[in-house]
Amino acid sequence: MSLLFGIYNLINPERYIWTQVRILHETDKAILVSSNTKFWIPKSRIFGIRLRNSVFEIYAKEETIG
């Protein structure tokens, strides 16, 4: 079974990226961000938040952000 998942990850790898966002609103379960468009990101999908040069960046799967 693990061989199947190994081959799947080679064909379709999950990519995590840092992207610059503007945080508009936060609730207990999600964050409303703006990056050309406004959208909600569930906190369970965010793996990191950092502040670089006065700009917030969120680390999440590429499919979640874009």
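This briefing covers the strands and the nonpolar core of one model. The model is predicted, so local features need pLDDT of at least 70 and side-chain atom pairs count only at pLDDT 80 or more, while totals for chains, interfaces and linings use all residues. Residues are numbered from 1 along each chain as its sequence is written, and side-chain values use heavy atoms, leaving out hydrogens and water.

**The sheet**
- Five strands form an open sheet in the order β3-β2-β1-β5-β4, with antiparallel pairing.
- β3 (37-42) and β4 (46-52) are the edge strands; each has a single partner, so one side of each has no neighbour in the sheet.
- From one strand to the next, the twist averages 45°.
- Strands here are DSSP runs (E, at least two residues), numbered from the N terminus.
- Two strands pair if DSSP finds at least two bridges between them.

**Partners of β5**
- β1 (residues 16-26) and β5 (residues 55-61) run antiparallel and are joined by six bridges.
- V21 has F56 in β5 as its bridge partner.
- β4 also pairs with β5 in the antiparallel sense, over six bridges.
- G48 has Y59 in β5 as its bridge partner.
- β4 and β5 form a hairpin with two residues between them.
- N53, in that turn, has a positive phi of about 55°.

**The nonpolar core**
- The largest nonpolar core has nine residues, including V21, F39, I58 and I65.
- β2 (30-35), β3 and β5 each give two or more residues to this core.
- Such a core is a set of buried Ala, Val, Leu, Ile, Met, Phe, Trp, Tyr and Cys residues joined through side-chain atoms within 4.5 Å.
- Buried means under 20% relative accessible area (1.4 Å probe, protein chains only).

How values were computed: Helices (H or I, at least four residues) and strands (E, at least two) are DSSP runs, numbered from the N terminus. Axes are lines fitted to C-alpha atoms, for helices over the stretch in contact, and angles run from 0 to 180 degrees between N-to-C directions. Buried means under 20% relative accessible area, exposed over 50%, partly exposed in between (1.4 Å probe, protein chains only).
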